[in-house]
Amino acid sequence: MNERDMRGLIADVKLGKLSRRAFVRRMVAVGLTAPLAAQMLMHSGVAMAQSKSTYKPTKAGGGGALKVLWWQGPTLLNPHFAVGTKDQDGSRVFYEPLAGWDADGNLKPVLAAEVPSFENGGVAKDGLSVTWKLKKGVTWHDGKPFTADDCVFNWQYASDPATAAVTIATYKDVEVVKVDDHTIKVLFSKPTPFWADAFVGTRGMMIPKHVFESYKGATSRDAPANLAPVGTGPYLFTEFKPGDLVAGKLNPNYHEENRPYFDTFEMKGGGDAVSAARAVLQTGEYDFAWNMQVEDAILKRLEEGGKGKAVITAGGNIEFIGVNNTDPWTEVDGERSSLKTTHPSLSDPAVRGALNLLVDRQAVQDHIYGRTGVATANFLNNPERFRSTKTKFEFNIDKAIKMLDDAGWKPGADGIREKNGVKLKYVYQTSVNAPRQKTQAIVKQACQKAGIDIEIKAVTASVFFSSDVANPDTYTKFYTDIQMYTTTMSQPDPALFMNQYVSWEVSTKDNKWQGRNITRWRSDEYDKLYRQAEGELDPVKRAAMFVRMNELAIEGVAVIPVVYRPTVAAVSSKLNAPLSGWDNNTWSLQDWYRDA
Amino acid sequence: MSQYLLRRLLIVIPSLIGISLVLFVLLALAPGDPFGELAQNPAVPPEVRAALREKFGLDDPIMVRYFRWLLAMLQGDWGFSFVSRMDVDTLILQRLPVTLIVIGASQVLALVVALPVGVYAAMRPYSLFDQVATTTAFIGFSLPTFFTGLLFILVFSIHLDWLPFVYQTNVSGTGLAFVWEHIRQAIMPVVVLGLFQGGVLTRFVRSAVLDVVRLDYVTTARAKGLRERIVILKHIVRNALIPVVTLIALQMPIVFGGAVVTEQIFRIPGIGSLLIASILANDTPVIMAVTFVTACLVILFNLIADLLYGWLDPRISYR
């Protein structure tokens, strides 16, 4: 799909021949994010859809208690320190951003009066600034008014390196200016195509200036409000026990009318995913449970109780196999998988192509993940297919065998193919996790038939995903031939996701293996495109570049995508809870209600 | 006696230092990084992690960190949690009441059941009562708590729908309803743990009593015409209690340390679940505090057990 195809599709949306949602879905299928797709539409003059509110209650309160289960409970409640999604979800109960992302990638104003656009003059044509109008009449939980000063303070707080906020990347390169009490201007140092990052979504939650003012920088950890939030959200803070409980009660001064519906809110932590699913789907003790990493067969059985259902939200997480481009078995200057080496057999495109054909994605979906892992179309080998809704990915042992034969890899005496003394023997590593080990077995079996010997290796997750420089088994070191894990694309802008194939991000000893390019795959064309995309203001052109980059990475078999991993939540059948794969689970908590 | 106590207390100091050193070094050498999760998030630059590591002093040599920790501990400062950004003692105190109530209740239940059953069974060995008691005890301690726990949940929560299986600390309601709600949710975990502990203890009491019951002085006591009640309580049980006291004393620190598996199953926010969550998150200060306090309690209760021996059997003297 190139720029012209995209423009054609956008024209279809304009004419009403293609629905917004179908367009967004198609863009997601070629590796873009829903927020970016929505931005493309907006830029082309198709107004951002205001997600239709399905909220029915006609007064605030009266809903009783809302009880939700997070089997890993939040451990802290300051959004600028939120380490994982659990902490962000917990913080979002009390703190709110200017706008959030809905499931289709539309921006929904929360503390902003409206979403900035070209039409209303919010987004500057030169891409150097964006102006936000703040909602008036919003008060913090302690009664003080929410103003532009609070926004400016959040920028100062997060961008101060001494604060050590995890949101620093969002705020450090921008400047925030107060225009008047209810208007702020975000200035970028260079033209920035994706402007909706600061003050938006997971990284945009705002803390009050008057409470945190004296705890900026080095003293940030001493702020009492780190553990007792004062926000603008639908629920007032009542109790917090790290890892166990986050409790709140209705905020009578909430800034959206008739909201929230529930009188109290309770987020219970601990336990495991299966019993959490049970508490919602089978006994109905709870209304909602987060992140159901449960086998689909079990979920289906629990759903038979009729008390609730598993709600699947599409996001950008993908389980994939990374193919090493460097030689993991030769040590150069104190590191294996060094850039100074090339892999003896995996550097051959035929071998990579054959491997790609030997991953039976459909079997992985059918027998392992079910609804919770959808086989990803091998989209980038064949982009035209996206014109149709039926996408195919190929699993073909015979074709793989032919490919290897043609390339001169002939079976040796032991049945393993070899060429010039190099054998097709690979170590395939991943973290210890039942579905992953089953996937490994499926791939190993197919490879064996094609004459490729696979040795399976499973590393404890706490080691595999650690950044321990001394440990050879971490995924960033990649001291094996191929490895598999899930990479998350929860950021609304794909730029952060796509930097994992640029040459300056290669993970090496020099950067303590903190580089994002773990497969060590490099391409000049890719680098050039990425640089161009960084300054490209036309979102359609930019999207086309991302799609091309994706194609380059897949054509070069830098990675072999296996399944998409949508997020799964267990939701009581009476509860209405709008979820979004591009924002926190609790992003629209104010809209949650229970059918009578 | 006081000299003995003083000597014992003096021995405690080097052993505690040794224990803390081993714990600390082990944790420092273990793989993992409290801020490792940040490394996987592309939106968080590596500098943030570096800044955090520096802020929490993780980049200093192990020995420097150890002595800093030791000095702080001596001054009553238990440290600062990396993950929750709060003082470790607050974190532990938040969880202590629930742990004491649930684990304490299960220990009491185990004792209340095991002592009379064990003694009665030993007085009538191989009777029907003994057979039943022994078999039940055997089942009790053979089944792991994660199995009985899940079994109880399936039967009492899911099929019968009598009891909740998620333990809540913020039970609503007042007065009797409040107490009843607390009891209702504590029944299953207390019984699961009590059954396990009680099983072990019953077997122990039974064999200890069985050893004593055949001794000559018991026969003498009976021959003197003492009432059976007095023979059992004064002559048999008191003498049989010495090994039992050791076992109970050594189990007391568990009341503080919590029961990791059971707490996980029933979502009890006790110290055991805090410990396991901290281990998974590499939250070293919390792991250190919990394990070190448990070690202190083990040593303390050992001492108490030793002192109790003297009270139970005056022939044991302290030199």
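Visitor: In what order do the elements of chain B run from the N terminus on?
Guide: Helices (H or I, at least four residues) and strands (E, at least two) are DSSP runs, numbered from the N terminus. Chain B reads α-α-α-α-α-α-α-α-α-α-α-α-α, which comes to 13 helices and 0 strands. This is a predicted model, where local features need pLDDT of at least 70, side-chain atom pairs count only at pLDDT 80 or more, and totals for chains, interfaces and linings use all residues. Residues are numbered from 1 along each chain as its sequence is written, while chains are lettered from A and ligands numbered from 1 in the order in which they are written.

Visitor: What is the strand order in the open sheet of chain A?
Guide: Strands of a sheet pair through backbone hydrogen bonds, either parallel or antiparallel. Here two strands pair if DSSP finds at least two bridges between them. The order of the 6 strands is β13-β20-β12-β19-β17-β18 in chain A, with mixed pairing. β13 (374-375) and β18 (453-459) of chain A each have a single partner strand, so one side of each lacks a neighbour in the sheet. Strand β17 (residues 425-431) of chain A runs parallel to β18(A), joined by 7 bridges; V427(A) stands opposite E455(A) there.

Visitor: How many residues of chain B count as buried?
Guide: A residue is buried if 20 or more other C-beta atoms lie within 10 Å of its own, exposed if 12 or fewer, and partly exposed in between, with C-beta atoms placed from the backbone. For chain B, 34% of the 319 residues are buried.
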